[in-house]
Amino acid sequence: MAFASWSDFIAMGGYSFYVWLAYGVSLLSVLLLVISTVTKRKKIFKHVEQRLLREQRIKAAENREGTL
Amino acid sequence: MFNAFLQIVRKELLGAFRQQSDILNPIWFFVIVVTLFPLGIGTDPALLARIAPGIIWVAALLAALLSFERLFKDDFIDGSLEQMMLAPQPLTWLVSAKVFAHWLLTGLPILLVSPLLAVFLSLQESTFWALFLTLLIGTPILSLLGSIGVALTIGLRKGGVLLSLIMLPLSIPILIFSTMAIDAATFGQSYIGLLALLGAMLVGAITLAPFAIAASLRVSVS
Amino acid sequence: MWKWLHPYAKAEKSYALSGKLMPWFLAVALPTFVVGIIWGLAFAPADYQQGDSFRIIYIHVPAAMMAMGAYSTMAIAAFIGLVWQIRLAEMTVAATAPIGAVYTFIALFTGAAWGKPMWGAWWVWDARLTSELILLFVYLGIIALYNAFSDKVLAGRAASILTLVGVINLPIIHFSVVWWNTLHQGATITKFDQPSMATDMLVPLLIMIVSFAAFLGFMVLYRFRNEILQRESHRPWVIALVQQSSSSVNKRG
């Protein structure tokens with residue numbers, strides 16, 4: 001263990017701002033990348049689903065017209 | 001095959017002389033940009049001579065960017081690009097002719113006005129020759145690199161800005177080596193090695209770029 | 001020989017295969033990340049010159065290395081895609097570029113945050129930082145080009161060509177920047193060069209490099225699957241996949 005106490009660890013030998021800023025921004029940018037990637041996948045799924053529903057509705061409407 | 005090369009160059013030159021503003025405007029732009037710097041920074045000759053290589057090269061880069069628009073645009077619109085792809089001669093060869101003609105119309109005029117700029121920026125004669133040589137070797141590389149960018153972006157509606165985003169980072173080595181050579185000349189050092197490096201890059205670009213341009217055009221036209 | 005394989009069957013198989021591989025990459029990336037970051041931040045000894053600020057190395061160096069690693073991946077994929085005309089390889093190029101750009105950004109930002117206490121300025125025209133900045137420009141150019149095309153098949157091919165042009169250029173850029181840097185500020189000592197690192201410092205760094213590499217692999221696979229889904233969204237297998245997932249959601253809700 002390089003630090004004596006928890007507050008020592010946070011202080012990072014006087015460099016706390018730079019160290020935590022670097023780690024924080026890095027984590028944040030990776031997180032944003034992950035979020036955008038996962039939402040992209042969900043968006044594609046939603047898109048296909050909506051298309052399927054629309055096709056079903058069109059088909060149903062055509063069937064109704066046929067019975068009239 | 002060589003005939004086809006000459007014919008394309010001739011056709012390009014004739015077309016350009018019919019529309020002279022296409023050639024003159026980038027040069028005009030080049031001169032104006034260089035003129036702006038003394039107005040913005042001050043007229044101290046020592047300062048100007050110190051930053052002249054950077055100014056001239058950055059201005060040349062920007063002027064080259066402006067001129068690229070017309071490189072394949074007309075051919076793309078009127079369909080002669082597709083004709084070129086169907087021609088019996090290899091596309092790489094025809095494309096090389098286009099790029100060579102483009103350099104004659106844009107790179108060469110920059111070389112011709114460079115003495116004027118040397119006077120504006122109070123360059124010494126030895127420094128001017130270094131500038132002239134780096135422009136002579138460097139502007140063809142710019143034409144080749146830029147043609148790749150043009151070929152990639154030609155089918156896009158907003159290709160202009162994209163072209164600069166793609167091309168400028170790739171042209172950084174040319175900027176660095178050229179300005180280093182000119183700096184070396186200012187301090188009276190030998191800059192043959194840097195010119196040789198630029199020359200090696202030119203040879204590499206001449207051999208490789210036509211393939212990239214041809215492949216990119218095939219993407220854009222299909 | 002690849003050309004004769006049925007392209008759609010191949011995409012579906014690649015989707016399934018990458019789905020199988022993904023958990024393994026994550027299984028490597030997450031534990032190494034936790035171990036590496038705790039070891040690096042809390043247990044590694046402080047540098048005798050730079051104090052605790054050197055702990056930024058545990059993200060700076062892995063990010064910088066894997067930013068290059070991502071570009072090599074793209075270059076190999078672009079080469080395969082263009083030479084053998086494999087669309088899946090071109091998709092890999094498009095899938096990798098954003099991750100490489102984020103890694104490059106991390107390397108740049110951490111470099112700046114490290115430089116501020118060491119050099120007294122957020123930005124110094126250090127050779128490595130400058131190269132990383134230009135690498136970021138190249139990445140952004142590739143991404144912008146890819147997004148500019150509405151036809152994603154053409155987009156993938158255009159991005160592949162640009163990637164290959166970049167791979168020839170990047171060593172020249174790096175070389176020229178290093179030379180330019182020594183000329184303009186030869187006196188600056190690069191703070192990132194650690195001639196001999198203590199084992200206690202080096203081991204967590206290696207662990208973090210493994211973690212960043214595995215995470216890169218995981219994200220590439222994830223985005224690669226996204227690319228496949230998007231381009232094949234009209235194929236029956238994708239529709240079946242969507243119906244399956246929506247019905248399982250309905251059951252749970």
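Start by selecting chains A and C of this predicted model: 44 residues of chain C are in contact with 32 residues of chain A. If you look for salt bridges between chain C and chain A, the count is 0.

The area buried between chain B and chain C is about 2,100 Å², and 88% of it lies on carbon and sulfur atoms. Across this interface, too, the rule finds 0 salt bridges.

No contact joins chain A and chain B. Their closest C-alpha atoms lie 22 Å apart.

For one of them, select B:Arg50 and B:Asp183, whose closest N and O atoms are 3.5 Å apart. This pair links distant parts of the chain, its two residues being 133 residues apart. B:Arg50 sits in helix α3 (residues 45–78) of chain B, while B:Asp183 belongs to helix α8 (residues 172–186) of chain B. Side chains of opposite charge can pair when their charged atoms come close.

Return to chain C and select residues 87–119, which form helix α3, together with residues 127–148, which form helix α4. How do the two helices run relative to each other? Their axes come within 9 Å and cross at roughly 155°. Because of that angle, α3(C) is roughly antiparallel to α4(C). The crossing of α3(C) past α4(C) is left-handed.

From α3(C), the residues in contact include C:Ala94, C:Ala97, C:Pro98, C:Gly100 and C:Ala101. Further along α3(C), C:Thr104, C:Phe105, C:Ala107, C:Leu108, C:Gly111 and C:Trp119 also take part. On the α4(C) side, look for C:Leu129, C:Glu132, C:Leu133, C:Leu135 and C:Leu136, among others. Also in the α4(C) set are C:Tyr139, C:Ile142, C:Ile143 and C:Tyr146. Coloured by class, the contact of α3(C) with α4(C) shows 16 nonpolar, 3 polar and 1 charged residues.

Conventions
Residues are numbered from 1 along each chain as its sequence is written. Chains are lettered from A and ligands numbered from 1 in the order in which they are written. This is a predicted model: local features need pLDDT of at least 70, side-chain atom pairs count only at pLDDT 80 or more; totals for chains, interfaces and linings use all residues. Side-chain values use heavy atoms; hydrogens and water are left out. Axes are lines fitted to C-alpha atoms, for helices over the stretch in contact, and angles run from 0 to 180 degrees between N-to-C directions. Helices (H or I, at least four residues) and strands (E, at least two) are DSSP runs, numbered from the N terminus. Angles under 35 degrees count as roughly parallel, over 145 as roughly antiparallel, 65 to 115 as roughly perpendicular and the rest as oblique. A crossing is left-handed if the near helix is turned anticlockwise from the far one by less than a right angle, and right-handed if clockwise. Contact means heavy atoms within 4.5 Å. Ala, Val, Leu, Ile, Met, Phe, Trp, Tyr, Cys and Pro count as nonpolar, Asp, Glu, Lys and Arg as charged, and the others, Gly among them, as polar. A salt bridge is a side-chain nitrogen of Lys or Arg within 4 Å of a carboxyl oxygen of Asp or Glu. Buried area is the accessible area (1.4 Å probe) that two parts lose on being put together, summed over both.
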